[in-house]
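Keep the structure open alongside the text.

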Amino acid sequence: MLFISRDFLVDIVDHALDAYPLEACGLLGGIREEVNKVYRTRNDAASARIYELNPLDYLRADRDAESQGNSIIGVYHSHTHSEPYPSPTDLAQAPDPSWHYVLVSLKRKFPSVRSYRIIDGKISEEEVVLIKV
Amino acid sequence: MAVEIRIPTVLRPVVSGQSVVKAEGETIGELMKNLGNEYAGLAGQILKEDGSMHKFINIYLNDDDVRYLEKLDTKVSPGDVVTILPAVAGGIF
């Protein structure tokens with residue numbers, strides 16, 4: 001399960017819309033299953049089909065999260081024209097089995113958000129629970 | 001000279017769960033080699049068999065990505081902090 005506030009969820013969707021038609025990406029700071037901060041990061045690929053999260057943005061986010069007693073617990077990115085489901089590339093390049101993988105699809109009129117765990121090459125969708133902060 | 005190295009969550013299981021370890025070396029390459037010698041599970045995760053860096057790992061000396069410095073030949077100094085983070089990427093294919 002991923003626990004996230006409405007504001008953070010809106011921020012992720014806004015980022016995806018701001019970046020359109022390119023893919024957006026960012027990191028989730030928090031503790032285990034609860035998101036305490038969203039870090040917008042640059043997509044170095046500047047592409048509508050792939051993302052490469054800017055390494056220095058990751059370093060800054062990681063330091064900020066650690067300084068607040070959090071850690072990076074996941075990554076989000078947008079699929080501009082496809083379903084919110086991890087692609088073979090997402091699967092192959094998933095860096096950390098403890099992470100949450102959030103996908104925003106802009107394929108339809110209304111954005112849709114899904115979250116997944118990717119462990120040992122297996123994808124499983126998890127529930128996204130909105131929380132009040 | 002011992003330098004502090006920050007370990008990403010994905011690699012912590014092979015360093016007994018530690019978020020920070022210390023390793024000896026004068027360059028990033030020496031640090032990584034010695035780190036690999038101390039923690040066997042770490043060796044192949046950071047460096048390839050030919051001794052070069054895996055492309056899916058980023059190593060930082062303080063605020064700088066060592067790929068934009070002297071890569072593994074980048075010299076370290078007392079008080080430096082080295083951070084290892086995975087490369088994060090994906091796409092629609």
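**Chain A as a whole**

This is a predicted model. Chain A holds 3 helices and 9 strands. Read from the N terminus, its elements follow the order β-α-β-β-β-α-β-α-β-β-β-β. Its C-alpha atoms fill a box of roughly 35 × 30 × 30 Å along the principal axes. Buried residues account for 40% of the 133 residues.

**One loop residue in chain A**

Lys107(A) sits in the loop between strand S6 (100-105) and strand S7 (112-119) of chain A. Lys107(A) has 13 C-beta neighbours inside 10 Å, so it counts as partly exposed. Which residues does Lys107(A) contact, leaving aside its neighbours within four places in sequence? They are His79(A), His81(A), Ser82(A) and Glu83(A). His81(A) is 26 residues from Lys107(A) in sequence, yet their C-alpha atoms are 4.4 Å apart.

**The sheet and helix of chain B**

Chain B has an open sheet of 5 strands, in the order S2-S1-S5-S3-S4, with mixed pairing. S2 and strand S4 (64-65) of chain B stand at the edges. Each has a single partner strand, so one side of each lacks a neighbour in the sheet. S1(B) and S2(B) run antiparallel and are joined by 5 bridges. Within this pair, Ile5(B) has Val21(B) in S2(B) as its bridge partner. H1(B) packs on the sheet and touches S1, S2, S3 and S5 of chain B. The direction of H1(B) makes about 110° with that of S2(B).

Which residues of helix H1 (residues 28-38) of chain B are buried? They are Ile28(B), Gly29(B), Leu31(B), Met32(B) and Leu35(B). These residues cover an arc of only 160° around the axis, which puts them on the same side of H1(B). An α-helix has 3.6 residues a turn, so residues three or four places apart point the same way. The buried residues of H1(B) pack against strand S1 (2-6), strand S2 (20-24), helix H2 (40-46), S3 and S5 of chain B.

**Where the chains meet**

The contact takes 23 residues from chain A and 15 residues from chain B. On the chain B side, strand S3 (57-61), strand S5 (81-86) and strand S6 (89-91) each supply at least two residues. The residues of that side divide into 9 nonpolar, 5 polar and 1 charged.

Strands meet across the contact. Strand S4 (residues 50-52) of chain A and S6(B) run antiparallel, with 3 bridges between them. There, Glu52(A) stands opposite Ala89(B) in S6(B). A helix takes part as well. Helix H2 (residues 55-67) of chain A lies across S3, S4 and S5 of chain B, and runs at about 115° to S5(B).

| Strand pair | Bridges | Direction |
|---|---|---|
| S1(B) and S2(B) | 5 bridges | antiparallel |
| S4 of chain A and S6(B) | 3 bridges | antiparallel |

Technical notes
Residues are numbered from 1 along each chain as its sequence is written. Chains are lettered from A and ligands numbered from 1 in the order in which they are written. This is a predicted model: local features need pLDDT of at least 70, side-chain atom pairs count only at pLDDT 80 or more; totals for chains, interfaces and linings use all residues. Two residues are in contact if their C-beta atoms, placed from the backbone, lie within 7 Å. Helices (H or I, at least four residues) and strands (E, at least two) are DSSP runs, numbered from the N terminus. Ala, Val, Leu, Ile, Met, Phe, Trp, Tyr, Cys and Pro count as nonpolar, Asp, Glu, Lys and Arg as charged, and the others, Gly among them, as polar. Two strands pair if DSSP finds at least two bridges between them. A residue is buried if 20 or more other C-beta atoms lie within 10 Å of its own, exposed if 12 or fewer, and partly exposed in between; C-beta atoms are placed from the backbone. The arc is that of the directions from the helix axis to the C-beta atoms. Axes are lines fitted to C-alpha atoms, for helices over the stretch in contact, and angles run from 0 to 180 degrees between N-to-C directions.
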